[in-house]
Amino acid sequence: IFAVHPVHTESVAWISGSPDILFAFFFLLSIIFADKWAADARQKRRTSYLLISLLFYALAIGSKEIGLVCAPIFALVLAPKNDHKDAIGPLMGEPAWRAAAPFFAIAAIYFFARMAVLGYVSRPAENATDIVSAILTAPAIFVFYLRQMIFPLWLGPNYPLRPVESIGMFSVVLPAILSLAIIAASYFAARRSFVRTMGAAIFYLTLLPAFFVTAFPSDQIVHDRYLYLPLFGFLIVVATLASERLVAWGSTNAEKFVLAASVVFAVVLGWLAFSYNSVWQTNVGLWQHAVKIDDRSASTWLQLGAALAEGTDIDAAFYAYDRSLEIRKDPLAMMGRSRGLIVKGDLDGAVRDLQSALEQPADSFNAYTMFQLYEALAVAFQEANKLTEAERILREARQRLPIYRAALTEKIAVILYLQNRKPEALAELESAREQAKREMLAASKRVLLRLGMLYAEMGRKGESKVALEEFLAATASLKESATLRDRKQAAELLKQVSTR
């Protein structure tokens, strides 16, 4: 059932779901070796099992941060096991937590190292809800994920569940009652079985981060990929409980009944997964399906517009962008529509859209979105042959976005070159040469290509060769189509300047 459940489609088909698969792989390996360490506590191999378990746990956390909240599972694994009395009681004892201390240490080291690098625990998402609304929404989220595991009949990359703003009977009270009933039932089902306690712990702890909806955009608070490992824990509880109940009721073929039921469910779920897989074959098909599931999401319509624009269906893309903007004035939707206007030659309309987007509050979009807006606005001015305006807007962008200094400097240099101000263009490129090597954007590396081209044009072949070699070395691992074209151009020019 776990292997064919349709909620796994997103984790397999979408790159955003790959961390869940990696985390599950490393985390389960870590549990296996921790259990071996506990079982072989008196043997010489115990240290090696512990070290291997810690290594896999570190890799699990590195794959996805939800591993930080899963450290208590190791206290359960290492606690004294009694499958006939109380499986939770030993967890309360000091020995279990003392044995799990190395795993908590790994989690603490990762947490503080991450804090030191990033400078914060998490950044709020654009258009995110507040903590009060997140608490009110928690019961509805829990019920949603239960429904997805038991009745996965409505599947998509996004769902119409939104943050709850006020207490209501159907939005908060009834979901809360159902959630508490499910939690209580799972406690009583698990407390006398170590296996079910493990399943419940995996289910609740790996699902817990999905409730931190203050970190998600308000129209993207639930996703199937968050169920990848929680589903495994849920099935452990359900399958073992069903088998145990059948035995208690006097069935001598409990395992056969469970196996037969599993086969039936696997066939049904497999068919649902197979049917849903076709949705993920193309970007346009995916987001057309998504707006059928949730037509009130600005981001979903935005994604559809972007997919349609890539397929050159500009008119359909405009419709999708307009639907997105009707729901929320999203700078990305404005930018997408403006790019379509540039293609259609409506440069004034493109400029209006982009300037309107840049006038949005600074906290409504991130730094890279701002970079893209300025970039598109400069293109619009350049296409309109307003090179002075293009230069002005790029210099303004460079002042506001120093983290993209090299990428913006390359664009300024191009504008200067088009105005036949080549010495100024060269000076700009040389000033950004070292930062171009450090910045992560592929566009930043183009500073080195432009230097190589300009040096070659000026007859400075030795300097051109060095710059081109630096560009090829800096972009060796990049596979974007634009970068591959640039690399081909650089390689051809390098052959020319290398000949005597």
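A salt bridge here is a side-chain nitrogen of Lys or Arg within 4 Å of a carboxyl oxygen of Asp or Glu. The model is a predicted one. E463 is partly exposed, at 35% relative accessibility, and R460 is partly exposed too, at 28%.

How many salt bridges does a search of the whole structure find? The search finds 25. In general, side chains of opposite charge can pair when their charged atoms come close.

One of these salt bridges joins the side chains of R337 and D353, at 2.7 Å from N to O. This pair links distant parts of the chain, since R337 lies in helix α15 (residues 331-344) and D353 in helix α16 (residues 347-358), 16 residues apart. Are the two partners buried or exposed? D353 has a relative accessibility of 11% and counts as buried, because the limit for buried is under 20%. R337, with a relative accessible area of 21%, is partly exposed.

A further salt bridge is formed by the side chains of R421 and E391, at 2.9 Å from N to O. Here too, distant parts of the chain are linked: R421 sits in the loop between α19 (405-418) and α20 (422-431), while E391 belongs to helix α18 (residues 387-400), and the two are 30 residues apart. E391 is buried, with a relative accessible area of 10%, whereas R421 counts as partly exposed at 22% relative accessibility. Both residues also belong to a network of salt bridges that links E391, R395, R398, R421, E424 and E428.

The second topic is helix packing. Two packed helices are described by the angle between their axes and the distance between the axes. For helix α23 (residues 461-474) and helix α24 (residues 481-498), the angle is about 150° and the axes are 9 Å apart. α23 is therefore roughly antiparallel to α24, because angles over 145 degrees count as such. The crossing of α23 past α24 is left-handed.

Which residues make the contact? On α23 they are K461, S464, K465, L468, E469, F471 and L472. On α24 they are D486, R487, A490, A491, L493, L494, V497 and S498. Sorted by class, the contact of α23 with α24 has eight nonpolar, two polar and five charged residues.

Conventions: Residues numbered from 1 in each chain as written. Predicted model: local features only at pLDDT ≥ 70, side-chain atom pairs only at ≥ 80, totals over all residues. Heavy atoms only, no water. Helix = DSSP H or I, 4+ residues; strand = E, 2+ residues; numbered from the N terminus. Buried < 20%, exposed > 50% of the residue type's maximum accessible area, 1.4 Å probe, protein only. Axes fitted to C-alpha atoms, helices over the stretch in contact; angles between N-to-C directions. Parallel < 35°, antiparallel > 145°, perpendicular 65-115°, else oblique. Left-handed = near helix turned anticlockwise from the far one by under 90°. Contact = heavy atoms within 4.5 Å. Nonpolar A, V, L, I, M, F, W, Y, C, P; charged D, E, K, R; others polar.
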